[in-house]
Protein chains: 2
Amino acid sequence: MLFFIGLGLHGAKGLSLLGLDLAKKADIVYLDTYTSPVAKDEVDSLKGLIGDKIIAVGREFIEDGREIIHQAGQKDVALVASGDPMVATTHMELRLRAERSDIKTIVVHGPSILCALTGETGLHAYNFGRPVTLMRTGAPRSTVYEVIHENLARGIHTALLLEYDQASGFSLDPREALHSLLEMEADNRQGLIDDDTLLIVASRIGSSSQSISGGNLAGLIHKDYGEPPHLLIIPGRLHFTEIDALRTLLDIDEGKIRDNSLRAQRLAVAMVRRYLSSTRSALSKAVERGKAEKKHLDDLFENVECYLSDSERFLNAGKYELAILSVGYAEGLLDSLRLTKELKVEW
Amino acid sequence: MLFFIGLGLHGAKGLSLLGLDLAKKADIVYLDTYTSPVAKDEVDSLKGLIGDKIIAVGREFIEDGREIIHQAGQKDVALVASGDPMVATTHMELRLRAERSDIKTIVVHGPSILCALTGETGLHAYNFGRPVTLMRTGAPRSTVYEVIHENLARGIHTALLLEYDQASGFSLDPREALHSLLEMEADNRQGLIDDDTLLIVASRIGSSSQSISGGNLAGLIHKDYGEPPHLLIIPGRLHFTEIDALRTLLDIDEGKIRDNSLRAQRLAVAMVRRYLSSTRSALSKAVERGKAEKKHLDDLFENVECYLSDSERFLNAGKYELAILSVGYAEGLLDSLRLTKELKVEW
């Protein structure tokens, strides 16, 4: 049998009673040290709890998996990992391979950092959109920026995990990550990230040396965050209870708390507002011109006005596609007069 | 002091060693039985582990919170809850109140159902968008449908939690939830949900009676799912490893596995395609009519054609807002001829 046991976030003592039972029962216990770092004293504590049969293993051993599968076919094997043991896709792969080899698998869940963020920051679980990982240079930053943008455009929060590579000992420092965010902004220019962007840096969550800092990017970019693992949160629109939590738990100065999603106005909102304004202005000129040239264009002008009102109504109701369509149509109706030279006017 | 202790998903044995230590140390232990049901034998097991000082409490007691805060100001009080103790906003409220009353709080995280879904279904943690809860009748279903739509439009999965109300003993049955999805579809008509929609029903995750079913809506809507808690997952676009997991772990027939996100084309795509088609057709008629009436409208017709081409280009480039604006404008340019009776034509 193959047991996947989550160690959770609180070191050796984060192990559940069920996890401890199964680990003790197992003939071999592999300890995954690559998805998240496990401090030496925690390994020692685990040995104290489970026994000396713990073997620390890295990515290659687990990705290869043949040894584990082979052993699990003959004995009870446990794979212990920080957080929840199944969040890493390599572990799921291993589980599927075992199941397909008719080896029974048991999963003992542990708290994952993704779900702990709610409790540690006060940001509601229901307000987190898709999470994303920031890797060191060379990896697709546009995807990271896109996910942040998508989440912010919906007013929801983004958990940005920072790469940790056990084999090389590399971990992406939050300061470097913050610089990367600014670089991404310079490339993509959607106006999402600047010195005032509200951010949270969460380090070593669950451990006794846990530390969470919140504030604006300018203030956070120079701090020392210590040992990994780290992650960032880019909050979106904040419920008043979330603001309360940020102030109470993270001691974030009220002046620094802001709605990051305002910047990430859906492209639609900015677009519609701009065209509503310019088309309304064009309409006034057209109406005047129409009178001056004694044209009978009231029907058309009325239609333009109607579609502009519709557009505004759709915008306020959050029906962005219809808002854009209506304002585009209104503009087209009006511009036609100019193009056919029906009215001698420019706007 | 006030300890928030996550029981996790595996009953009494889901308690972590740290959680057990603190619960034993506490003078009073309140057990939250309202955010998720706790079976009687589990309560008994907990008493066996922690001692008789466990008091089961409901929503009102925790929302009121005064007794807890009062006690925590004088002794060590523990609040034990299923899953992660901080996912419920009422618990966070309590924590903030304690902190503001200078009562130290400690959180011992437990695995939340939201994070366990990855391991139980093989759907990647990074592919889940915002979760949402389906409440019984009277609650805003349009919001639920919107969240599902938003996630599907981005190809990502939705965890749909089903209401559980301990005070009344009510829990939303998955069959009723599936019917609700069909009703929501009838109201909103975005083509997201039908008999072939791939869905997963997950019940009592982590318990010994855990059960997960996957398949199409038509097949799932008649099954008996037993006791709560339940949740649904509406998967989006599936990575091949996720398909592999659904087949291996959940035994879902290959013929039933589909990409639900194909239906959830962004509203924009369906809209633009429709208007491109109708406006092109109208343009043909207008060009003919223009020749017949010997009108000199080539400039205008050329503009209409340009904006239609632009729209299509924007659509293919994923620039949806510009695509809608362009096709709306093209349609307006053309319709103006009809409204000003420049052309005697209908389309």
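Start with strands β1 and β4 of chain B: select residues 2-8 for β1 and residues 77-82 for β4. The two pair in the parallel sense over 6 bridges. Strands here are DSSP runs of E, at least two residues long, and helices are runs of H or I, at least four residues long; both are numbered from the N terminus. Two strands count as paired if DSSP finds at least two bridges between them. Now click L2(B): its bridge partner in β4(B) is V77(B).

A word on the model: it is predicted, so local features need pLDDT of at least 70 and side-chain atom pairs count only at pLDDT 80 or more, while totals for chains, interfaces and linings use all residues. Residues are numbered from 1 along each chain as its sequence is written, chains are lettered from A and ligands numbered from 1 in the order in which they are written, and side-chain values use heavy atoms, leaving out hydrogens and water.

**The disulfide**

Which residues does a disulfide join? Select C115(A) and C115(B), with S to S at 2.2 Å. A disulfide is a pair of cysteine sulfur atoms within 2.5 Å. The search of the whole structure finds 1 over all chains. C115(A) lies in helix α6 (residues 113-121) of chain A and C115(B) in helix α6 (residues 113-121) of chain B, so the pair joins two chains. The link is right-handed, with 100 degrees about the S-S bond.

Are C115(A) and C115(B) buried or exposed? Both are buried. Buried means under 20% relative accessible area, exposed over 50%, and partly exposed in between (1.4 Å probe, protein chains only). Now click C306(A): it is partly exposed, at 45%.

**Between the chains**

Show both chains. The contact (heavy atoms within 4.5 Å) takes 79 residues from chain B and 79 residues from chain A. Across this interface there are 6 salt bridges. A salt bridge puts a side-chain nitrogen of Lys or Arg within 4 Å of a carboxyl oxygen of Asp or Glu. Finish on R100(B) and D244(A), which form a salt bridge with their closest N and O atoms 2.8 Å apart.
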